[in-house]
Amino acid sequence: MSLARFLAEEALSQLMNWDSDVEEDISETEDASEPEDYVIDDPGCQFSLDDEDSEDGSAGVPSSNENQEMQKPPSTEGTLTSKDGQIKWSTSPHQTQARLSSSNAIKMTPGPTRFALTRVDGIESAFQLFISPPIEKIILDMTNLEGRRVFQEKWKPLDPSDLHAYIGILVLAGVYRSKGEATASLWSEEYGRPIFRATMSLETFHMISRVIRFDNRATRAGRREKDKLAAIRDVWDKWVKILPLLYNPGPHVTVGERLIPFRGRCPFRQYVPKKPAKYGIKIWAACDAKSSYAWNMQVYTGKPLGGPPEKNQGMRVVLEMTEGLQGHNITCDNFFTSYRLGVELQKRKLTMLGTVRKNKPELPCEILKMQGRPLHSSKFTFTENTTLVSYCPKRNKNVLVMSTMHKDASLSTREDMKPQMILDYNSTKEGVDNLDKVTATYSCQRKSTRWPLVVFYNIVDVSAYNAYVLWTEINQHWNASKLYRRRMFLEELGKALVTPKIQNRARPARSPAAAAVIANVQVRASDQPTMDPLDKCAKKRKRCQVCPSRDDSKTSTSCVRCKKCICRKHTVTFCPSCGEN
């Protein structure tokens with residue numbers, strides 16, 4: 001062991017004057033990464049730039065004994081050893097025939113899946129693919145159960161149109177940027193919007209918000225002992241399973257964390273000081289790097305009950321979030337990136353690209369040193385399947401990026417001579433952050449002290465954005481010249497959800513403005529050509545819900561509840577759309 005250590009020190013001394021260290025804050029140079037913004041759950045685990053420089057004695061400023069070490073003759077030129085002594089890094093690439101890994105060959109066609117293409121015929125239908133009938137059934141059953149318990153005879157059972165109208169009001173409140181505005185102001189005749197009063201009364205909205213539930217309250221205590229997310233687990237799991245069925249991500253997928261603002265009582269509320277909200281519910285997310293479509297999500301519920309803190313959490317999260325992908329590149333920040341993660345992803349035919357923390361044991365000490373580093377210099381080290389670069393964006397600052405996708409030491413032709421690895425990282429790192437930005441712009445979040453309701457609001461926000469991605473990719477010419485297409489989409493979605501409730505409203509509105517909205521909706525409904533019920537069913541029978549058959553002679557069986565049709569050649573005991581027997 002002493003001889004091996006002596007040889008490693010000799011190699012280290014020869015390379016002492018080379019470019020080494022790279023700092024996470026590439027924000028100095030345009031749009032590069034700032035992975036330090038991603039803070040792990042324990043604030044004590046954060047590390048600052050000062051801690052990094054002082055943490056590794058070999059990575060900081062050279063000591064006075066360094067001159068003596070530099071006089072030692074080298075014996076293993078071009079080979080570096082990691083801090084833990086388990087990984088040998090080379091200063092020259094092992095493969096020069098290709099810059100990108102052969103693993104980056106995706107088998108799926110990026111964009112909406114065939115399942116989504118055959119079912120999206122309007123903005124409302126795109127949204128209802130995510131808030132599916134099974135999810136609506138759970139919410140309606142549990143909400144009616146709680147409503148009867150709280151309001152007894154005063155409670156009027158909700159039906160799907162009531163739930164759609166409630167969600168539509170939430171969406172419209174987000175469109176009007178009124179998530180922080182009091183509901184009394186929204187329903188005000190003087191300052192509010194007439195469409196709210198035309199849809200339902202303020203008292204009805206408050207009653208639904210008070211009793212809306214996602215599980216059986218009577219049996220929650222037993223389930224909560226094993227599952228902290230028991231209050232909304234069924235709805236959450238059904239919703240997450242739908243996400244990958246409707247969209248295939250492109251070649252780059254971003255894995256990161258989201259924080260839903262919440263300061264109420266919650267057994268797994270997190271404190272992340274570098275997030276804007278600081279307190280909230282943390283959600284791991286995997287998003288398409290280009291469209292920010294939320295492909296997979298997972299609520300972080302803290303460490304297991306009565307158990308020790310989780311180890312290798314970042315690797316576990318990435319492996320679970322990317323399950324089902326093949327041929328993609330996974331971009332992540334320094335909380336997740338590690339040499340072991342790259343090895344595990346390659347076993348699944350996936351590649352990894354991400355920034356690295358300087359205290360990782362798999363890094364060679366030589367690459368962390370900053371003494372004598374020229375500005376905009378880069379230093380590369382390689383293993384058989386991994387490339388590591390140290391880039392100096394400014395004096396005494398460096399950035400470390402690790403990749404299993406890149407195989408050579410290519411640099412850009414820009415003035416700052418950034419490595420191609422860093423440029424690729426900058427172009428693919430924003431998937432999750434952009435999802436946070438767009439959902440916060442028109443968020444339907446309302447002030448609440450109940451964390452399950454906050455999670456449900458997030459489900460509505462993400463579903464609305466994912467539906468927008470599906471709709472615009474299927475209908476690429478829809479308002480293509482507009483710069484506010486998403487606002488137009490959300491406004492049409494909200495109005496489509498509340499329209500059935502307005503049409504069936506029995507009592508006239510007291511407000512003249514609300515009465516005018518009701519009259520306009522009912523006039524538009526009456527102007528539409530009426531269709532015979534048999535003709536309507538025949539039109540729906542043109543597509544089977546199991547196979548893409550369009551032959552009318554085959555599709556004569558329809559569901560009693562949702563009216564969706566199935567070919568005669570299929571023998572089913574329940575409807576694949578709504579689950580009805």
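This is a dialogue on reading selected features of a predicted model.

Colleague: How are strands read, and which strands does β12 pair with?

Modeller: Helices (H or I, at least four residues) and strands (E, at least two) are DSSP runs, numbered from the N terminus. Two strands pair if DSSP finds at least two bridges between them. Strand β11 (residues 378-382) pairs with β12 in the antiparallel sense over five bridges, and a hairpin of four residues joins β11 to β12. Within this pairing, Thr-381 stands opposite Leu-388 of β12. On β13 (residues 397-403), the antiparallel pairing with β12 runs over six bridges, and Thr-387 has Ser-403 as its bridge partner there. The hairpin of β12 and β13 has two residues between the strands, and Asn-396 takes a positive phi near 60 degrees in that hairpin.

Colleague: Is β12 mostly covered or mostly open?

Modeller: Burial is read from relative accessible area: buried means under 20%, exposed over 50%, partly exposed in between (1.4 Å probe, protein chains only). Strand β12 (residues 387-394) is mostly covered, with seven of its eight residues buried.

Colleague: What does Ser-90 touch?

Modeller: Contact means heavy atoms within 4.5 Å. Not counting residues up to four places away in sequence, Ser-90 touches Gly-78, Phe-380, Thr-381 and Phe-382. Ser-90 is found in strand β2 (residues 88-90) and is buried, with a relative accessible area of 15%. A polar contact is a pair of N or O atoms within 3.5 Å; within protein, one must be able to donate a hydrogen and the other to accept it, and residues adjacent in sequence count only if both atoms are side-chain atoms. A polar atom of the Ser-90 side chain lies 3.1 Å from the backbone oxygen of Ser-92.

Colleague: Where is Ser-82, and is it buried or exposed?

Modeller: Ser-82 is in the loop between β1 (79-81) and β2, and counts as buried because its relative accessibility is 5%. Leaving aside neighbours within four places in sequence, the contacts of Ser-82 include Trp-89, Pro-361 and Leu-363.

Colleague: Which polar contacts does Asp-227 make?

Modeller: The side chain of Asp-227 makes a polar contact with the side chain of Arg-233 (2.8 Å). A polar atom of the Asp-227 side chain also lies 3.1 Å from the backbone nitrogen of Leu-229. Asp-227 belongs to the loop between α11 (220-224) and α12 (233-246), and counts as buried at 18% relative accessibility.

Colleague: How many aromatic pairs are there?

Modeller: Rings of Phe, Tyr and Trp (its six-membered ring) pair if their centres lie within 6.5 Å; planes under 30 degrees apart count as stacked, over 60 as edge-to-face and the rest as tilted. A search of the whole structure finds 21 aromatic pairs. Tyr-176 and Phe-196 have ring centres 6.2 Å apart and planes at 80 degrees, so this pair is edge-to-face. Tyr-176 is in the loop between α7 (160-175) and α8 (183-186), and Phe-196 is in helix α9 (residues 194-199), 20 residues apart. Both residues, Tyr-176 and Phe-196, are buried. Ring pairs link Tyr-166, Tyr-176, Trp-187, Phe-196 and Phe-205 into a cluster.

Colleague: Which charged end sits over the ring of Tyr-176?

Modeller: A charge sits over a ring if NZ of Lys or CZ of Arg is within 6 Å of the ring centre and within 35 degrees of the ring normal. For Tyr-176, the charged end is that of Arg-193, 3.8 Å from the ring centre.

Colleague: Which residues form a salt-bridge network?

Modeller: Side chains of opposite charge can pair when their charged atoms come close. A salt bridge is a side-chain nitrogen of Lys or Arg within 4 Å of a carboxyl oxygen of Asp or Glu. The count comes to 18 salt bridges. A network of salt bridges links Glu-146, Arg-149, Arg-213 and Arg-217. Arg-149 and Glu-146 meet at 2.6 Å, N to O. Glu-146 is buried, with a relative accessible area of 5%, whereas Arg-149 is partly exposed at 49%.

Note on methods
Residues numbered from 1 in each chain as written. Predicted model: local features only at pLDDT ≥ 70, side-chain atom pairs only at ≥ 80, totals over all residues. Heavy atoms only, no water.
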